[in-house]
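Hi there,

Here is the structure I promised to pass on. Please have a look at it, and you will find my notes just below.

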Amino acid sequence: MRIDQNELSGVLKRLKRAQGQLGGIIKMIEDGRDCTEIVTQMAAVSKALDRAGFAVIATGLKQCLTESPDGSVDTSALEKLFLSLA
């Protein structure tokens, strides 16, 4: 299943922000910054990635439910995707 790129603009913004945060974490480690600050930023990146993943799954689920002509949805595949983020 391919998801409409326009539907994922918010996800792209979130991922680009996480990419910048990850670069900041690398710099923090290279600069010898405090462990607490590094872990805090790592948690923020992790949460951003989780939210982006869930947004992709939610968008895909919505698209499957609204665009499936016969109403059939591969729920096991969607469940597998969802659980991969858990």
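From the N terminus on, the elements run α-α-α; that is 3 helices and 0 strands in the chain. With a radius of gyration of 17 Å, well over the 12 Å that the globule rule gives for 86 residues, the chain is more spread out than a compact globule. Please keep in mind that this is a predicted model. Along its principal axes, the C-alpha trace spans about 55 × 25 × 15 Å.

On burial, 20% of the 86 residues are buried. The largest nonpolar core has 6 residues: Ala18, Ile25, Met28, Ile38, Val45 and Ala48. Helix H1 (9–30) and helix H2 (35–67) each supply at least two residues of this core. Leaving aside residues up to four places away in sequence, Ile25 touches Ile38, Gln41, Met42 and Val45.

Now for the surface and the charges. The accessible surface of the chain comes to about 6,500 Å², and carbon and sulfur atoms account for 57% of that. There are 11 positive and 11 negative side chains, with the centres of the two sets 6 Å apart.

Best wishes

Definitions and conventions: Residues numbered from 1 in each chain as written. Predicted model: local features only at pLDDT ≥ 70, side-chain atom pairs only at ≥ 80, totals over all residues. Heavy atoms only, no water. Core = buried A, V, L, I, M, F, W, Y, C linked by side-chain atoms within 4.5 Å. Buried < 20%, exposed > 50% of the residue type's maximum accessible area, 1.4 Å probe, protein only. Helix = DSSP H or I, 4+ residues; strand = E, 2+ residues; numbered from the N terminus. Contact = heavy atoms within 4.5 Å. Rg over C-alpha atoms; globule rule 2.2 N^0.38 Å. Areas by Shrake-Rupley, 256 points an atom, 1.4 Å probe, with all protein chains shown as cover. Lys, Arg positive; Asp, Glu negative; His and termini not counted. Charge placed at Lys NZ, Arg CZ, Asp CG, Glu CD.
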